[in-house]
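Please examine the sequence and the structure displayed here.

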Amino acid sequence: MDAVRLIVTSRRALAGGGEAPQVMAEVWQAQALAQAIGSRLAVAGPPELRGEALGLTELAGRGCGVLERPDIALAELRAAQLTELGDARQALLYLGGLLGEVGIALVGLACAADDETTYWQCMEAIDAADESRDRVVQMLRRLADRVEGLPEAG
């Protein structure tokens, strides 16, 4: 499945809310998807994005690492369903939106947390999602710079 479709699916699932464990599972899924997209871009994306994409992979991996891995069957793991990136710019635009929504969901979870462990997990995951989103924005800038640097057709 292509990246944009998977991101849209993640955004819908995250917006669907539910109890804290379901939201945390969706946050984890979103971070795993960001990690997979970063990995794909690092290997096969535009050359000027590869370094930033590697950073995205590491940051999103950290986002997954601070949260408990949900009990998700491999067939339900969106990151494992990623087969193609499609247009890198479009995928990054959608991914940036998803990561912003992840941060908002985590703020809500942190505010409602009954225990310190959950609170600090959310805080660390917010930081990872924010840094991942910053990487996405940097990659979008690099793509825009590349387009501006192309000679005009004519």
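## Basis of the model

This is a predicted model, in which local features need pLDDT of at least 70 and side-chain atom pairs count only at pLDDT 80 or more, while totals for chains, interfaces and linings use all residues. Residues are numbered from 1 along each chain as its sequence is written, and side-chain values use heavy atoms, with hydrogens and water left out.

Two packed helices are described by the angle between their axes and the distance between the axes. Axes are lines fitted to C-alpha atoms, for helices over the stretch in contact, and angles run from 0 to 180 degrees between N-to-C directions. Helices are DSSP runs (H or I, at least four residues), numbered from the N terminus.

Helix α1 (residues 3–15) packs against helix α4 (residues 88–112) at an angle of about 20 degrees, and their axes are 9 Å apart. The two are therefore roughly parallel (angles under 35 degrees count as such, and those over 145 as roughly antiparallel). The crossing of α1 with α4 is left-handed, that is, the near helix is turned anticlockwise from the far one by less than a right angle. Among the residues that meet are Ile 7 and Leu 14 in α1 and Tyr 94 and Leu 98 in α4. The residues of this contact comprise 11 nonpolar, three polar and two charged. Here Ala, Val, Leu, Ile, Met, Phe, Trp, Tyr, Cys and Pro count as nonpolar, Asp, Glu, Lys and Arg as charged, and the others, Gly among them, as polar.

## Helices α2 and α4

The axes of helix α2 (residues 20–44) and α4 come within 10 Å and cross at roughly 150 degrees. That makes the two helices roughly antiparallel. Contributors to the contact include Val 27 and Ala 30 of α2 and Val 102 of α4. By class, the contact of α2 with α4 has 17 nonpolar, one polar and no charged residues.

## Val 102

Val 102 belongs to helix α4 and counts as buried, at 0% relative accessibility (buried means under 20% relative accessible area, exposed over 50%, partly exposed in between, with a 1.4 Å probe and protein chains only). Leaving aside neighbours within four places in sequence, Val 102 is in contact (heavy atoms within 4.5 Å) with Leu 14, Val 27, Ala 30 and Ala 129.

## The aromatic pair

The structure holds one aromatic pair. Tyr 119 and Trp 120 form this edge-to-face pair, 5.0 Å centre to centre with 85 degrees between the planes. Rings of Phe, Tyr and Trp (its six-membered ring) pair if their centres lie within 6.5 Å; planes under 30 degrees apart count as stacked, over 60 as edge-to-face and the rest as tilted. Tyr 119 is partly exposed at 31%, and Trp 120 is partly exposed at 45%.

Key: Angles under 35 degrees count as roughly parallel, over 145 as roughly antiparallel, 65 to 115 as roughly perpendicular and the rest as oblique.
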